[in-house]
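These notebook entries record what I looked up in one structure, topic by topic.

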Amino acid sequence: MANENYTLHGFVITGFDHLQNQKLLGFLILITYMLILLGNGINLCIILTDRHLHKPMYILICNLAVVDIMFSSSCSTTMISVLLAEIKTISYYSCISSMYFYHLGDITICMALTLMAIDRLIAIMLPLRYHNIVTNSRTCLLIFLTWLIGFAFVGFMASMVDSVPYCRQPVIRYVFCDHPSLIRAACVDPEPYFFIPVMISLWLLCGQFPFILCTYALLAYSVTKLSNNSSKKQMISTCSSHLIVLFSYYAPKLVSILLTRIGVVLNLTERNAILIVASLIPPLINPTVYCTRTKEIRKRLADVFFLLLILILLVIYL
């Protein structure tokens, strides 16, 4: 954290300095963040308060909602502080904490999507044995293991950041604290420190993503074999919801990699834009998809709104 010439107290975030409409972008990020909290909070409240929804699939949706809140909060609060409060300096430990929870969310979202794909695969391929294989306790155990893996990976990344020297007032040229920005702000050659994070990213993109796609390919094949049209429509609706969530998470990452592979050099502004989209759009889309496309949640949400409407009318007329 320090050397003989300089004691580190914090970082200066300059990723937004070149923008003219900083307040407008700040309000957009603030509104998006509030919608993320509202949507995921509604999903959590509906599932936790309705005993009929205490099933493996809804436990997985709850897990995804918790991860979405953590993932978006780790970056949104910093961006809102810089853009609206004009506080560009962030303390060392606040930055490290934000980086930790950001990458923890990034990894656990990916593994949460993998668990949801496996859950749907078993439900369609082995419908008669599904309730024996996929139980609430086993689902919670698998969720715990994904978090444990995430804690281990991100803990190692955080230890690398904590070990590098900073010989001047470190400047983060990106829009919030993450591993690459902190390493590039240090007085070291950054390339050796990127090896492990790159391996983790490759595992997520080249390991988990193709596996998930294969599970949905099997699901699509199995759905075509169903004779009951009602069951077929239900499975298609459920799987399409998962696919929307899946591609909202992976699309920004794949676009960035594809542009790099075809020789398109992204400037800092474009990289920051992709980073913001990748950090805020998936947590915003996820609760929207599950609220509108999952029948049980949609029905429960309609009941809640109807009850609120009755209460408002009673307050007005009494």
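**Helix α5 and its neighbours**

I began with the crossing of α5 and α7, which is left-handed. The model I consulted is a predicted one. I then looked up the residues of this contact: Phe153, Phe156, Met157 and Met160 come from α5, and Ile196, Pro197, Ile200 and Trp203 come from α7. Sorted by class, the contact of α5 with α7 has 8 nonpolar residues, with no polar and no charged ones.

How do the axes of α5 and α7 lie in relation to each other? I noted that the axes of α5 and helix α7, which covers residues 195-224, come within 10 Å and cross at roughly 155°. Angles over 145 degrees count as roughly antiparallel, and α5 and α7 are therefore roughly antiparallel to each other.

Next I turned to α2. Helix α2 (residues 56-83) packs with helix α5 (residues 136-163) at an angle of about 25°, and their axes are 9 Å apart. That angle makes α2 roughly parallel to α5. I recorded the crossing of α2 and α5 as right-handed.

Which residues of α2 and α5 meet? On the α2 side I listed Pro56, Ile59, Leu60, Asn63, Val66, Val67 and Met70; on the α5 side, Asn136, Thr139, Cys140, Ile143 and Trp147. By class, I found 9 nonpolar and 3 polar residues in the contact of α2 with α5, and no charged ones.

The axes of α3 and α5 come within 9 Å and cross at roughly 145°. The crossing of α3 and α5 is right-handed. I noted that the contact of α3 with α5 divides into 18 nonpolar residues, 5 polar residues and 1 charged residue.

**The sheet**

In what order do the strands of the sheet run? I found 3 strands in an open sheet, ordered β2-β1-β3, with mixed pairing. At the edges are β2 (89-91) and β3 (171-172), each of which pairs on one side only. Helix α3, residues 92-125, packs on this sheet and touches β1, β2 and β3; the direction of α3 makes about 85° with that of β2.

I then took the two pairings in turn. As background, strands of a sheet pair through backbone hydrogen bonds, in either a parallel or an antiparallel sense. Here β1 and β2 pair in the antiparallel sense over 3 bridges. Within that pairing, I noted Ile90 in β2 as the bridge partner of Phe11.

Strand β1, residues 10-13, pairs with β3 in the parallel sense over 2 bridges. I looked up the positions in β3: Val12 stands opposite Val171, and Ile13 has Ile172 as its bridge partner.

Is Asn40 buried or exposed? I placed Asn40 in helix α1, which covers residues 22-49. The relative accessible area of Asn40 is 1%. Buried means under 20%, so Asn40 is buried. Leaving aside residues up to four places away in sequence, I found that Asn40 touches Ala65, Asp68, Ile69, Pro283 and Pro287.

**A loop residue, Glu86**

My last entry concerns the loop between α2 and β2, where Glu86 lies. What is the phi of Glu86? I found a phi near 60°, a positive value in a residue other than glycine. For context, most residues other than glycine have a negative phi.

Glu86 has 56% relative accessibility. Exposed means over 50%, so Glu86 counts as exposed.

How values were computed:
Residues numbered from 1 in each chain as written. Predicted model: local features only at pLDDT ≥ 70, side-chain atom pairs only at ≥ 80, totals over all residues. Heavy atoms only, no water. Pairing = 2+ DSSP bridges. Helix = DSSP H or I, 4+ residues; strand = E, 2+ residues; numbered from the N terminus. Contact = heavy atoms within 4.5 Å. Axes fitted to C-alpha atoms, helices over the stretch in contact; angles between N-to-C directions. Parallel < 35°, antiparallel > 145°, perpendicular 65-115°, else oblique. Left-handed = near helix turned anticlockwise from the far one by under 90°. Nonpolar A, V, L, I, M, F, W, Y, C, P; charged D, E, K, R; others polar. Buried < 20%, exposed > 50% of the residue type's maximum accessible area, 1.4 Å probe, protein only.
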